[in-house]
Amino acid sequence: MTKEEKQQLSEIDICDLFITPAIKAAGWDQFRQIRREVTLTPGPVIVRGNMSSRNKKKKKFADYVLQWEAGVPLAIVEAKNNYHIVSHGMQQALGYADIIDVPSAFSSNGDAFASHNKVPESGEDIECEFPLESFPSPAELWKRYKKHRHIEDDEEALVLEPYHKDAYGKEPRYYQTEAINRVLEAVAKGQNRLLLVMATGTGKTYTTFQIIWRLWHAKKAKRTLFLVDRNILADQTLVNDFKPFGSVMTKIKNRKIDPAYEIYLGLYQALTGPDEADKIFKNVSRDFFDLIIIDECHRGSASEDSAWREILEYFSGAVQIGLTATPRETKYASNITYFGEPVYTYKLKQGIDDGFLAPYKVVRYYLDKDLEGWTPPPGMTDDLGQEIEHRTYNQKDMDRILVLNQRTKLVAQCVMKLLKATDPFSKTIIFCEDIDHAERMRVAIVNAAGQLALDNPKYVMRITGDSVEGKAELDNFIDSESKYPVIATTSELLTTGVDAKTCKLIVLDKTIKSMTTFKQIVGRGTRIEEEYGKYFFTVMDFKNATELFKDPDFDGDPVVIYEPGVDDDPVPPDPEPDPDDDDGGVEEGSPEYGTKKIHVSGVDVNILAKTVEYLGDNGQMVTESYCDYSRKHIRKEYASLNDFINKWNTSKKKEAIVQELEEYGIELPKLAEEVGAAYGDFDLICHIAYDQPPLTRKERADNVKKRNYFTKYGDKARAVLEALLDKYADEGVLTIESPKVLKLTPFDTMGTPVEIINDVFGGKANYESALQELEVELYQEAL
């Protein structure tokens with residue numbers, strides 16, 4: 001094959017004809033060790049306005065992942081077509097190699113291989129090139145991998161213990177694979193205190209299952225205890241992720257540990273208690289369990305006087321693995337001190353950037369009485385006739401000391417305005433200063449919701465510690481299948497871990513100074529629930545609490561989510577004390593609670609300003625519309641209007657340009673919703689990115705008709721082209737470029753697609769040429 005012929009080949013052709021054969025010739029098993037076109041991450045969700053889409057430009061997609069065994073990756077190979085030099089894909093390959101932590105990265109254009117070795121021998125180059133026939137063998141790259149990961153020969157058997165193969169083809173995500181492998185490598189080295197940090201919503205239970213499965217099959221852990229603190233966690237684990245264990249698994253109940261099983265799921269409350277008789281874990285020997293995994297270990301086991309710590313110390317000879325979303329290190333508790341530094345960490349920010357977790361947008365309202373303050377006239381009385389202290393009241397006083405009824409109504413109106421403009425049935429949590437505030441907010445929401453509240457009295461519920469009715473609805477609120485309640489007003493109850501997976505709106509009308517509390521609240525919305533159309537969540541802030549997003553301590557670690565089971569109290573447990581958690585408010589149960597407030601009606605409250613911020617490309621909050629985002633990235637692809645027009649006019653299929661923009665998360669139908677549905681793709685792009693006055697599709701079609709362009713064609717061809725022009729005016733350029741268009745009305749009355757192409761236009765080439773000329777006429781004004 002000549003160089004010219006080779007350069008005509010696509011990247012896929014280069015893979016099939018040159019790269020794959022070369023790798024196979026080096027001894028790699030095509031079905032067991034060579035993985036093609038592997039998606040490592042789906043790309044982050046971009047949120048602008050009420051629209052969301054994935055930025056596929058940031059999707060991480062490896063051409064090849066070479067593995068020693070399933071779940072043990074050794075190398076990345078990045079392919080390019082033959083127009084590129086051999087090493088053109090190396091930087092991309094190295095990026096992917098860093099993600100999965102392998103020492104070997106390769107790039108090829110079909111002529112040769114470029115290689116990068118992170119653990120070169122003495123005198124060996126880090127990077128080099130070699131012929132196709134010299135690709136390294138599996139044994140060579142396995143040896144390199146062992147050196148990179150510090151795996152000794154006697155540790156190899158455990159490290160290579162196979163994963164469980166799912167009947168439905170489910171495979172661990174890249175970070176789950178890395179977490180599982182890191183744990184097994186540490187256990188193989190004899191470590192028996194391990195900490196694994198993974199953000200809420202990233203699949204800790206599935207990761208745990210694979211760890212236990214491999215250690216159990218390797219005979220490293222004959223008996224395993226998985227400790228949780230909620231019934232629902234144990235019950236869901238039994239029937240979902242842990243189901244493959246079948247008959248060797250049991251849930252500890254009736255305060256008895258049955259020695260007939262090998263995998264035990266237990267609530268720590270079922271194993272211990274305040275009295276010695278409650279400590280049933282002491283009914284078995286200290287060496288009964290070989291492996292103990294503690295779910296959400298930051299909550300209990302970190303404290304030296306906790307019940308969990310007592311269980312861990314009794315079974316001190318077992319391998320103990322702590323799972324958490326928030327490593328805790330305060331004067332009150334420390335799980336890093338107990339378990340050691342994490343063997344692997346996967347944070348919220350990484351999960352959002354990869355596209356596995358939901359991003360957020362922030363809507364801030366600035367109210368005049370909050371920012372400018374309110375000073376009552378001398379001698380003014382409150383609603384009860386008591387004289388109001390003559391001083392200036394501002395944001396920190398609102399709903400703690402001073403209650404302006406108009407302010408509560410305004411907040412409720414803002415919430416309902418957003419919901420009615422998007423989805424009135426989006427699950428919403430409104431965080432208030434205290435129970436009194438939560439009840440007043442419930443009333444205000446009822447009035448602002450109008451017919452929605454009349455249709456179902458449970459549209460909004462106050463879910464607070466003192467409300468039996470509200471707590472009874474907590475399970476329904478967090479149930480994805482339950483429509484009602486839609487809105488929950490609360491103060492403290494929902495800050496400590498209730499998991500409303502489909503929660504799309506979090507409203508902050510509560511003073512928050514504690515980073516711990518703030519992380520707990522943000523953790524409510526982090527799951528992507530595609531089945532329910534949830535790709536992002538919104539934080540609506542009336543108390544400037546979201547300034548904490550800018551705090552260096554906000555590193556993206558969400559906190560534990562409380563999931564009450566059938567038998568569980570729906571009220572989340574009290575959080576451990578934290579010296580930073582004092583927000584200066586009055587405790588709900590204190591004698592001062594709800595007593596010292598000044599209620600004033602008739603004082604107008606207005607919005608001074610409103611800002612909308614989104615999570616930007618660099619992880620910082622930015623103020624940007626969907627149009628602004630699109631403009632920036634279109635100009636990144638096409639620096640000038642001329643660049644874009646040249647690309648448009650030289651592209652045989654305009655769909656390629658549309659798909660290129662979709663890679664950035666720019667979806668033209670969504671832009672049309674903001675600019676106008678009557679404009680075509682070309683005018684949308686020119687208008688948004690380059691400030692050109694747009695023409696509607698109909699205006700462009702009419703301009704072509706005015707020029708009598710069709711007179712050079714025969715009657716039948718002219719009828720087809722005029723019909724195509726009408727299709728363009730109605731639906732756009734992608735429709736007329738589609739090969740299926742000739743099957744639609746009115747073309748179906750003019751003949752079959754084959755008859756139209758061959759009999760009317762004299763063949764496919766002539767038809768495509770006529771279509772290209774039609775498009776030139778459509779966009780003639782832009783030339």
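Let's start with a pair of neighbouring strands: S9 and strand S15 (residues 344-346) run parallel and are joined by three bridges. Within that pairing, valine 197 has threonine 345 of S15 as its bridge partner. Keep in mind as you look around that this is a predicted model.

S9 has another partner too. Strand S14 (residues 319-324) pairs with S9 in the parallel sense, and there leucine 195 stands opposite glycine 322. The two pairings are set out here.

| Partner of S9 | Bridges | Residue pair |
|---|---|---|
| S15 (residues 344-346) | three bridges | valine 197 and threonine 345 |

How many of the six residues of S9 are buried? Six of the six residues in S9 (residues 193-198) are buried, so the strand is mostly covered, buried meaning under 20% relative accessible area. In a regular strand, side chains alternate between the two faces of the sheet. In S9, Arg193, Leu195 and Val197 point one way, while Leu194, Leu196 and Met198 point the other way.

Now for the second largest pocket, which holds about 1000 Å³ of space. Its lining counts 32 residues, and Gly201, Gly203, Asp241, Lys501 and Arg527 lie nearest the centre. By type, the lining has 13 charged, 10 polar and nine nonpolar residues. Helix H7 (204-217) and helix H8 (231-239) each contribute at least two residues to this lining.

Stepping back, the protein has 29 helices and 25 strands. Of its 783 residues, 55% are buried. The accessible surface comes to about 34300 Å², with 48% belonging to carbon and sulfur atoms.

Conventions: Residues are numbered from 1 along each chain as its sequence is written. This is a predicted model: local features need pLDDT of at least 70, side-chain atom pairs count only at pLDDT 80 or more; totals for chains, interfaces and linings use all residues. Side-chain values use heavy atoms; hydrogens and water are left out. On a 1 Å grid over the protein atoms alone, a cavity is a set of points where a 1.4 Å probe fits but cannot get out, and a pocket is an open set with protein on both sides within 12 Å along at least five of seven lines; lining residues have an atom within 4 Å of a point. Grid points are joined across faces, edges and corners, and a volume is the space filled by probe spheres set on the points. Helices (H or I, at least four residues) and strands (E, at least two) are DSSP runs, numbered from the N terminus. Ala, Val, Leu, Ile, Met, Phe, Trp, Tyr, Cys and Pro count as nonpolar, Asp, Glu, Lys and Arg as charged, and the others, Gly among them, as polar. Buried means under 20% relative accessible area, exposed over 50%, partly exposed in between (1.4 Å probe, protein chains only). Accessible areas come from the Shrake-Rupley method with a 1.4 Å probe; for residues, only the protein chains shown count as cover. Two strands pair if DSSP finds at least two bridges between them.
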